[in-house]
Amino acid sequence: MELHFLIVDDESLARTRLRALLSEYKPDQPHTVQEASNAVTAMGVLDREPIDVVLLDIHMPGTDGLGLANHLRILRRPPVVIFVTAHAEHAVQAFDLDAVDYLTKPVRAERLRDALGKAERRLQTTRSQPPAVVPTEHLIIQDRGRTERVPLAEVLYFKAELKYVTVRTAVRSYILDGSLSELESRYSSQFMRIHRNALVARHAVRALEKHFDAEEGDGWAVRLQGLDERLSVSRRQLAAVREAISVT
């Protein structure tokens with residue numbers, strides 16, 4: 001079958017090497033290769049092109065590879081992900097995100113061939129099954145004069161900012177005209193309150209860590225999958241957040 005690859009890496013030399021290695025994999029088999037240097041560009045490619053396999057670095061500016069991989073899982077036609085990174089310590093997280101393989105740089109041709117073989121077998125299995133029809137809930141957001149439908153499953157957190165609510169996904173932010181109380185009431189099964197000004201997606205919480213806040217002093221914060229920033233947890237919500245993390 002024809003394969004469509006996407007290489008996501010902020011280093012141009014790494015992308016060039018992977019492109020060369022891909023050209024050596026089954027040279028008689030037709031394939032296409034797209035490139036992206038960050039998560040935002042990668043999502044643009046995925047919106048336009050039918051991608052089968054994503055070769056994904058982890059440490060990149062903005063949303064990292066783990067965050068992008070988490071986002072890819074909710075696409076209607078999710079590609080197979082192979083992580084290609086210089087850092088071996090993220091392998092457990094990578095496989096938790098259903099990656100088919102985890103390669104460390106410099107990539108050897110035989111290891112890449114093995115990973116691509118696994119990817120092809122995964123594709124043959126998934127493409128032979130009828131797609132599950134899952135209703136997708138959306139937020140309707142007015143953004144710069146146009147209306148956007150943002151899948152609720154992509155939202156990592158809601159944060160109150162003055163008169164508006166910031167809606168944060170793995171790849172960008174939106175402004176929503178509404179209140180946290182309304183959002184909490186409507187989506188309590190998917191989001192939990194961690195502070196008077198913030199709700200976070202339950203599935204995205206990765207850690208609860210000690211944290212110093214300039215306004216509140218020593219305290220706690222949650223780390224979300226795919227985001228560098230940490231969100232403060234109020235003392236009032238700390239016990240509930242601890243319990244929610246232990247359950248998930």
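This is a predicted model: local features need pLDDT of at least 70, side-chain atom pairs count only at pLDDT 80 or more; totals for chains, interfaces and linings use all residues.
Residues are numbered from 1 along each chain as its sequence is written, and side-chain values use heavy atoms, with hydrogens and water left out.

Let me begin with the backbone. Most residues other than glycine have a negative phi, and most peptide bonds are trans. Against that background, the peptide bond from Lys 105 to Pro 106 is cis, with omega near -5°. Pro 106 sits in the loop between β5 (101-104) and α5 (109-127), where helices (H or I, at least four residues) and strands (E, at least two) are DSSP runs, numbered from the N terminus.

Lys 26, in the loop between α1 (12-24) and β2 (31-36), has a phi near 45°. With a relative accessible area of 40%, Lys 26 is partly exposed; in these terms buried means under 20% relative accessible area, exposed over 50%, and partly exposed in between, with a 1.4 Å probe and protein chains only. The other is Leu 162, whose phi is near 55° and whose place is the loop between β8 (155-161) and β9 (164-169). Leu 162 is exposed, its relative accessible area being 91%.

Now to the helix pair. How do α1 and α5 pack? Their axes are 10 Å apart and the angle is about 70°, the axes being lines fitted to C-alpha atoms, for helices over the stretch in contact, with angles that run from 0 to 180 degrees between N-to-C directions. The two helices are therefore roughly perpendicular to each other, since angles of 65 to 115 degrees are called that, whereas those under 35 count as roughly parallel, those over 145 as roughly antiparallel and the rest as oblique. On the side chains, Leu 18, Leu 21 and Leu 22 in α1 meet Ala 109, Leu 112 and Leu 116 in α5, contact here meaning heavy atoms within 4.5 Å. By class, that contact has six nonpolar, no polar and no charged residues, where Ala, Val, Leu, Ile, Met, Phe, Trp, Tyr, Cys and Pro count as nonpolar, Asp, Glu, Lys and Arg as charged, and the others, Gly among them, as polar.

Charged side chains come next. The structure holds 16 salt bridges, each defined as a side-chain nitrogen of Lys or Arg within 4 Å of a carboxyl oxygen of Asp or Glu. One of them joins Glu 35 and Arg 19, at 2.8 Å from N to O, and this pair links distant parts of the chain, with Glu 35 in strand β2 and Arg 19 in helix α1, 16 residues apart. Glu 35 is partly exposed at 29% relative accessibility, and Arg 19 is partly exposed at 35%.

A second salt bridge runs between the side chains of Lys 118 and Asp 101, at 3.2 Å from N to O. Lys 118 lies in helix α5 and Asp 101 in strand β5, so this pair ties together parts that are 17 residues apart in sequence. Lys 118 is partly exposed at 28% relative accessibility, whereas Asp 101 is buried at 4%. Both belong to a network of salt bridges that links Asp 101, Arg 111, Asp 114 and Lys 118.
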